[in-house]
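Dear colleague,

Please find below the structure that I am handing over to you. My findings follow it, arranged from the whole chain down to single residues.

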Amino acid sequence: MRTRRGLGLHLPEPPGDDGVDLKRFGYRQELARCLGPASSFAAGFSFISVMTGVFQLFGFGFASGGPASIWTWPLVFLGQLAVALCFAEMAGQFPLAGSVYQWSKHIARPAVSWLSGWIMAIGAVATAAAVAVAYQVILPQITSAFQIIGGPADAGTTSTPNGAGNAIVLALGLVVLTTLVNIAGVRLTAKMNNVGVAAEMIGVTLLIVMLAVHIKRGPQVVLETGGTGAGHSSGYLGAFLLASLMSAYVLYGFDTAGSLAEETMGPRRHAPRAILRALTAAFLVGGLLMLVALMAVRDITARQLGTLGMPYLVKSTLGTGIGDAFLVCAAIAVTACCLAVQTAAIRLLFSMARDGRLPFGKALARVSPRSRTPVVPAVLTGALTIALLVVNIGNRHVFYTLTSVAVILFYIPYLMVTGPMLVRRLRGDWPRADHGPHFTMGRWGLAVNVVAVLYGAAMTVNLAWPRAAVYPGGPWYYRWGAILLTAVVTAVGGLLYLRYRHVCHSGVVSARS
C-alpha cells in the first residue's frame, strides 16, 4: 500500500463490497448505491454553491466592510478547511448516511450525538428556506414577471414588505420542486445536481473571464474600507467581523458528501476527497469572482453595490443582456443548492430514525422499494421548510434572520464532532489503532483539530452576536432572535433526548438491520 507522509491521503487498497462494509456497522443496504466520485463532489459543491452565496451575500459583505471585506474569504476558508480535514478523517472511518450525527455517535457521548443530529436537522430546514429566498435576489432582476407582489422598486430585494412577500412566494415554488425531485429518488437528484454544478462552473468561469476584460482598477482596491469602520467602537475590526458573516454564510455544508456515503460507490475513498475538493473549489472560484468583480465594476462607490449586490454589479458592468444570462446560471445554482440542502436533511433524518432516535421512527426510516429513497423524510423536510417560509411572510428581515440561524445551527453540530475528536486526540484515542488505510492528517492532526475547534467556537459567537446590522428593527427579541431560537431548539432537543436516551445508551443500532 502506498501512503503520503504528513497531511495527506493514505491511498486505499481496491474497495471491497460496500454493502458488506455497511453491514459491519449493523445496517443493511437499502438506499441506492449509484453515485460516483463526480456526483459525490457535486453534492458538496451544490450545497456551498458559490453563485448562490456570492450573488446573495456579496452586497452584505460590501456594505459591512467595503472592498476590503474580501479578506474575510480566505480567513474563513482556512478555518473551515481545518474543520473539513477533521471531517475527511471521519468520512473515511464511518461512511454512513447522516454524516455529522453518525460521526459524533462514534466518538462522543450519546447526548452530544443526539443533539448534533437534532440541531443540524433544524439547521438544514432553515438553510433550505434561506437558500430558497435567494430566488428573490435573482429572478426579478431577469424579468419583472417574477415580481409577482409589488413593483420595480421591490425587485431584487427582501428589505421592502412587497419584496419580502414576493421572496416567500418564489421560495415556496422552489421547495415544492425540490421535494418532488427528492421523492423521485437519488438518481434524478444526482443528475440535477450534476447539471447544476456544471452550469455553475461554466457560468462562473465565463463570468470571471468577462469581468476580467472590463477591469478598470488594480488589485489594491481590496485595501479600501469605504469608511465602514465609522460607527464601530473597535473601528474597522468591528466592520471586518461583521463582514466575515458573508463568508461564513457561504462556506459551509461541505459535509454533504459524507451524508450520501451509503449511496456512493467506494465511499471510504471518495467521500473524504469530495469534502475537501468541494470546499477548495468553492473557495477558489468564489474568491476569484469577487476579486475580479471589484476590479471591474464601473463605480466602486455605487450605493447599489451594498443593496442589490452582485446582480447589480454584473448587469451594470456587462450590460443587461449578458448580465441576465449569468443571472440565469445563478438561478440554476440556487435550485441545485436548495436540492442538495434538502437531500442532506433527508439522509440525516433517515439515519437518526433507523436508530430509533426520532418520533415516528419507523415511518421516517422506511425506504421506498421503487425509488430507493426515504419518502417520508422528504415530505417532512419539504413541509417544515414551507411552514418556516409561511411564518416569515411580512418579515422584511426574513433573509438575514433565516440565514444567521441556519449557519449557527450548523456550526454547533460541527463543534460536536471536532470537539470530541480533539478530546480523543489528547487522550491518545484518535486515530484509532484500527484506523485502516484511509484519510489521515498524520502528525498535523492535533494542530489542525485545535484550529478547527477554536475557529468554530469563535465564529459561532460572531454569528450569534446581537448586532443591529444583522438583526435590525422591531422588538428586542428580533435582535436576540438567533440566540433565542438556538436556545429553544437546543432545549426542545434536550427534552426529546430524555425520551429516547434509553435507545441512545443501549447501543441499539436498528431494528431493521
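**Findings**

Of the 513 residues in the protein, 61% are buried. Please note that the model is a predicted one.

Overall form. The secondary structure consists of 21 helices and 0 strands. The radius of gyration is 22 Å, which agrees with the value near 24 Å that a compact globule of 513 residues would have. Along the principal axes, the C-alpha atoms fill a box of roughly 60 × 45 × 40 Å.

Helix α5, residues 100–107, is mostly covered, with 7 of its 8 residues buried. The buried residues of α5 are Val100, Tyr101, Gln102, Trp103, Ser104, Lys105 and Ile107. Beyond its neighbours within four places in sequence, Leu294 is in contact with Phe58, Phe62, Pro67, Ile70, Arg217, Val221, Val222 and Ile300. One of these residues, Pro67, is 227 residues from Leu294 in sequence, yet the two C-alpha atoms are 6.9 Å apart in space.

Aromatic pairs. The count comes to 18 aromatic pairs. In one of them, Phe87 and Phe254 are tilted, at 6.0 Å centre to centre and with 45° between the planes. This pair links distant parts of the chain, 167 residues apart: Phe87 belongs to helix α4 (residues 72–93), while Phe254 sits in the loop between α10 (236–250) and α11 (256–259). Phe87 counts as buried because its relative accessibility is 0%; Phe254, with a relative accessible area of 0%, is buried as well. Phe410 and Tyr414 form an edge-to-face pair, with 6.1 Å between the centres and 90° between the planes. Both residues of this pair lie in helix α18 (residues 398–427), 4 residues apart, or about one turn of the helix, and both Phe410 and Tyr414 are buried. One aromatic cluster is formed by Phe47, Phe87, Trp103, Tyr252, Phe254, Phe410, Tyr411, Tyr414 and Tyr455. Trp103 of this cluster is also among the buried residues of α5.

Backbone points. Trp430 and Pro431 are joined by a cis peptide bond, with omega at about -5°. Pro431 has its place in the loop between α18 and α19 (445–464). Although Ser49 is not a glycine, its phi is positive, at about 50°. Ser49 lies in the loop between α2 (37–48) and α3 (50–65), and counts as buried because its relative accessibility is 0%. Arg372 is likewise not a glycine and has a positive phi, of about 55°. This arginine, Arg372, lies in the loop between α16 (361–364) and α17 (375–391). With a relative accessible area of 30%, Arg372 is partly exposed.

With kind regards

Technical notes: Residues numbered from 1 in each chain as written. Predicted model: local features only at pLDDT ≥ 70, side-chain atom pairs only at ≥ 80, totals over all residues. Heavy atoms only, no water. Helix = DSSP H or I, 4+ residues; strand = E, 2+ residues; numbered from the N terminus. Rg over C-alpha atoms; globule rule 2.2 N^0.38 Å. Buried < 20%, exposed > 50% of the residue type's maximum accessible area, 1.4 Å probe, protein only. Contact = heavy atoms within 4.5 Å. Phe/Tyr/Trp six-rings, centres within 6.5 Å; stacked < 30°, edge-to-face > 60°.
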